[in-house]
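Work through the exercises below with the sequence and the model open. Each task is followed by a solution in steps.

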Amino acid sequence: MNKKTIAYARQSLQKSNRESSTRGQIEAIRKYCCTNKIEIDEVWTEVASGKTMKREKMQHLIHHIKQGYVETLIVWRLDRISRTTKDLLTFFTLCTDHKVNIISINDETLGYENSMDKFKVQILASMAELQRNIISENKVNTNRVKFQRDHIPFHVTPFGYRYINKQYVVEENEAYTVREVYRLYTEGLGYKKISRCTEERPDLVFCQPSHIRQILLNRKYYGYYKGAHGVVASIIPAIISQEIYEKAEQLRHSKAQNRKHTVLANLRRKIKCPLCNHTMTTYHNRNQTNSTPVYACSQRFRKQYHACSMRPIPISKLESEALYVIKSFLSTDEILKEIHQEIVNQLKEKQARSKRTEVEIERQKEVLVHELAAGNIDIKIFKQSIEALQDTTHVAEPHIDTDEVTLQKIASLIEQKTEANDALWQLVEKVEVDESGALSGVYLKDLSINILNRKEVMKYESI
Ligand SMILES: [Zn+2]
């Protein structure tokens, strides 16, 4: 029996722009196959979300692979197979087991030679994700325990409230500011102008523009709280009406749509000013047609423009340099193994610090991580076992240091996309620049070394 070469294309339900349509994908695949002298036996397309593998054609494909009918699978981009790293890994494992080649024609931008390298990057990303998963799952359990005991699982008490005797009470001075912020916003003032108002008016509490935005985004102000364990209506007293919140929200949406150029920046909050150590923010002069978006010291935007003399750095320049360093670093086998080990080690360290009651469960997790690292079990079994262990930890009091996990992290984890460059940017912990604006350090999450100074990267640069 001859094994088949199958081209698979998927488009999501809503999107119908040409580039991501199944027709566009198949055209691109055909062109690629023509150039590379690959013969396609069958073309499979479907319109379905990539968030789940429970798609008709995908299930059919999996069945075909299991039966050994497939030799090569060609896709336009890896995210056509799945949008979650977990499913992608499971699928890769299946393909490896049945000796199916995967060709993804549109991931060249990543700079990887073959699908194996891409696969390794995915593993790397997923290991980091996994570590966060384990932490955040524990965190959710902590919150569930608190929830059941009627403790409030907020991380911080919102501006406008005080937490007294396990209850949220309105702080009238701040609450007045909140109401004024909403009123001024619905009258058409922007974040910066409102911020200036709060600075100038003695009856208001001063708020930075970023804080103004947070206030306008916080549903708790009309008494709404939605946590991981459900919606609670009576946890926090309302400061404003739901009506005014929604009015502000509508305005925010229409403003966002009118904005023509949004600054795309992947290193937001990840760069500190080398002169004054303030976070560097993005800046783009929208009124000027040829303006270059830059990272600039936030100190210059606050009160005094002369407080810091750091020159702005063009976003595209810094990001392309950083991306080059990361790609160079990640594309060596040696490094991939090293990082993998590093993550495993750090996971072990964390586990060593855990409470005695959890030692046994932690030990089992560790064993699982080793088994996975050694290739004795696949990611599917691993995930299942971790989940099973997680069930037993419901009984025990979870131990995770809350500083390590923020609610935003959990939220971003839920929304995590697996598009290639996005995944790489997510690996970045921070980037350092020197006084001239040149890149001087790149740090990845869970890794404490500066990858810019690694000999492997230097080697790449000397070529
Ligand atoms: Zn500065």
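**Exercise 1. Locate Lys37 and state whether Lys37 is buried or exposed.**

Step 1. Lys37 sits in the loop that joins H1 to S2; helices (H or I, at least four residues) and strands (E, at least two) are DSSP runs, numbered from the N terminus. The model is predicted: local features need pLDDT of at least 70, side-chain atom pairs count only at pLDDT 80 or more, and totals for chains, interfaces and linings use all residues. Residue numbers start from 1 along each chain as its sequence is written.

Step 2. The phi of Lys37 is near 55°, a positive value in a residue other than glycine. Most residues other than glycine have a negative phi.

Step 3. Lys37 is exposed, because 6 other C-beta atoms lie within 10 Å. The classes are buried for 20 or more other C-beta atoms within 10 Å of the residue's own, exposed for 12 or fewer, and partly exposed in between, with C-beta atoms placed from the backbone.

**Exercise 2. Treat Arg269 in the manner of Exercise 1: where does Arg269 lie?**

Step 1. The loop between helix H8 (242–258) and S9 holds Arg269.

Step 2. Arg269 is not a glycine, yet has a positive phi of about 65°.

Step 3. Arg269 has 12 C-beta neighbours inside 10 Å and therefore counts as exposed.

**Exercise 3. Give the strand order of the parallel four-stranded sheet and explain which strands stand at the edges.**

Step 1. The order in this open sheet is S2-S1-S3-S4, with parallel pairing; two strands pair if DSSP finds at least two bridges between them.

Step 2. Strand S2 (42–47) and strand S4 (101–104) each have a single partner strand, so one side of each lacks a neighbour in the sheet.

Step 3. On average, neighbouring strands of this sheet are turned by 20° against each other, direction ignored. Axes are lines fitted to C-alpha atoms, for helices over the stretch in contact, and angles run from 0 to 180 degrees between N-to-C directions.

Step 4. Five bridges join S1 (residues 4–11) to S3 (residues 70–75) in the parallel sense. Tyr8 is placed opposite Val75 in S3.

Step 5. Helix H1 (residues 22–35) lies across S1, S2 and S3 and runs at about 150° to S1. Helix H2 (residues 56–66) also lies across S1, S2 and S3, at about 145° to S2. Contact requires C-beta atoms, placed from the backbone, within 7 Å.

**Exercise 4. Describe the open sheet of three strands.**

Step 1. The order is S9-S10-S11, and the pairing is antiparallel.

Step 2. S9 (280–283) and S11 (313–314) are the edge strands; each has a single partner strand, so one side of each is left without a neighbour in the sheet.

Step 3. S10 (residues 294–297) pairs with S11 over two bridges. Val294 has Pro314 in S11 as its bridge partner.

**Exercise 5. Which residues have the most contacts inside the largest nonpolar core?**

Step 1. A nonpolar core is a set of buried Ala, Val, Leu, Ile, Met, Phe, Trp, Tyr and Cys residues joined through C-beta atoms within 7 Å. The largest has 24 residues, and Tyr295, Ala322 and Val442 have the most contacts inside it.

Step 2. S10, helix H10 (315–330), strand S12 (428–433) and strand S13 (439–444) each supply at least two residues of this core. H10 gives the most, with six residues.

Step 3. Leaving out residues up to four places away in sequence, Tyr295 touches several residues, including Ile271, Met280 and Leu318.

Note on methods. Two residues are in contact if their C-beta atoms, placed from the backbone, lie within 7 Å.
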